[in-house]
Amino acid sequence: MSKPSYAIYTLGCKVNQYDSGRLAQLLEKRGFVAAEQGADLVIVNTCAVTQIAIRKGRQIFNAAKQKNPGAKLVLAGCWPKVYGSQVISADLVYDSKDWSGLIKEVEHWFKSKPVNQDCGFLSLNQDRARYFLKIQDGCNQFCSYCVIPYARGLLRSRKEAEIIKEIRQALKVGYREIVLSGIHLGRYGQDLGSDLLSLLKKILAIKKDFRIRLSSIEVNEVDDELLSLMVKDRRLCRHLHIPLQSGSDRILKLMNRPYTQKFFSQRIKTIKKL
């Protein structure tokens, strides 16, 4: 009897890509194999941060349906979470970020159970050179224009020990650059009595030749201690992706952004100088 096959289509951020990789891991632990077309199970992990993203999600879902006739179709991710009443028909519309409920439904559909197959702890379908590691999810900022807190919930950080374990496994299989990712990365650990700096120091205590890179981070969370650590340890990449929504203080205030144009400009100058 041939193994059931799956295909996962992912839109949106690196966090969504990490989530899809973990879902792939759960499926492969149940005997599923990846397929480019003709899959038995198709999951579209959507984004809802813009109307363009939602339109792309609809297009990809329809294309996946044609490419995989007869497949069980699942629409998942942020689109059904926020706009459940607007989504298109599927065998399952799944609006939770916890994959356990989806896996139970898949087990029911395909009469599958976990098999003795060790996929490790790693998220599958990663970049060949970089390992993107989600360290937190959710956001408490509630910017006036942003749907993310409603799509992904409030801030939730992963435990430091769990993160370190995953990094060690990624290094063991050959990755040499770890990209720390999150929805509000700079607020990591706020719910655990820790912070991003503490986590970085523990990661850099690993005595191996590798690099750590930060994904997008807010300008007000790039403090002097973080910059000092970047200067001190070259394994922490001297690269920062810092978003700027507007150069107008009036607009930034209406957006509920936590900085002014002057603060942003001065901070960037300090960063470049260091």
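**Figure 1. Phe142, Tyr150 and Leu154 make a nonpolar surface patch of about 320 Å².** The view is taken from a predicted model. The relative accessible area of Phe142 is 36%. Phe142 is therefore classed as partly exposed, since this class lies between the limit of under 20% for buried residues and that of over 50% for exposed ones.

**Figure 2. Lys159 occupies the loop between β7 (156-157) and α6 (160-172).** With a relative accessible area of 61%, Lys159 is exposed, because the exposed class begins over 50%. When neighbours within four places in sequence are left aside, Lys159 is in contact with Tyr188 and Leu192. Trp99 lies 60 residues from Lys159 along the chain, and the C-alpha atoms of these two residues are separated by 19 Å.

**Figure 3. The whole chain is shown as context for the close-up views.** The chain contains 10 helices and 9 strands. Its C-alpha trace spans about 60 × 45 × 30 Å along the principal axes. Among the 274 residues, 48% count as buried. Of the contacts with a separation of 6 or more, 72% involve residues 24 or more positions apart. The accessible surface of the chain comes to about 14,500 Å², and carbon and sulfur atoms account for 50% of this surface.

Note on methods
Residues are numbered from 1 along each chain as its sequence is written. This is a predicted model: local features need pLDDT of at least 70, side-chain atom pairs count only at pLDDT 80 or more; totals for chains, interfaces and linings use all residues. Side-chain values use heavy atoms; hydrogens and water are left out. Helices (H or I, at least four residues) and strands (E, at least two) are DSSP runs, numbered from the N terminus. Buried means under 20% relative accessible area, exposed over 50%, partly exposed in between (1.4 Å probe, protein chains only). Contact means heavy atoms within 4.5 Å. Patches are made of residues with over 30% relative accessible area and no salt bridge: like charges are joined within 9 Å, nonpolar side chains (Val, Leu, Ile, Met, Phe, Trp, Tyr) within 5 Å. Accessible areas come from the Shrake-Rupley method with a 1.4 Å probe; for residues, only the protein chains shown count as cover. A salt bridge is a side-chain nitrogen of Lys or Arg within 4 Å of a carboxyl oxygen of Asp or Glu.
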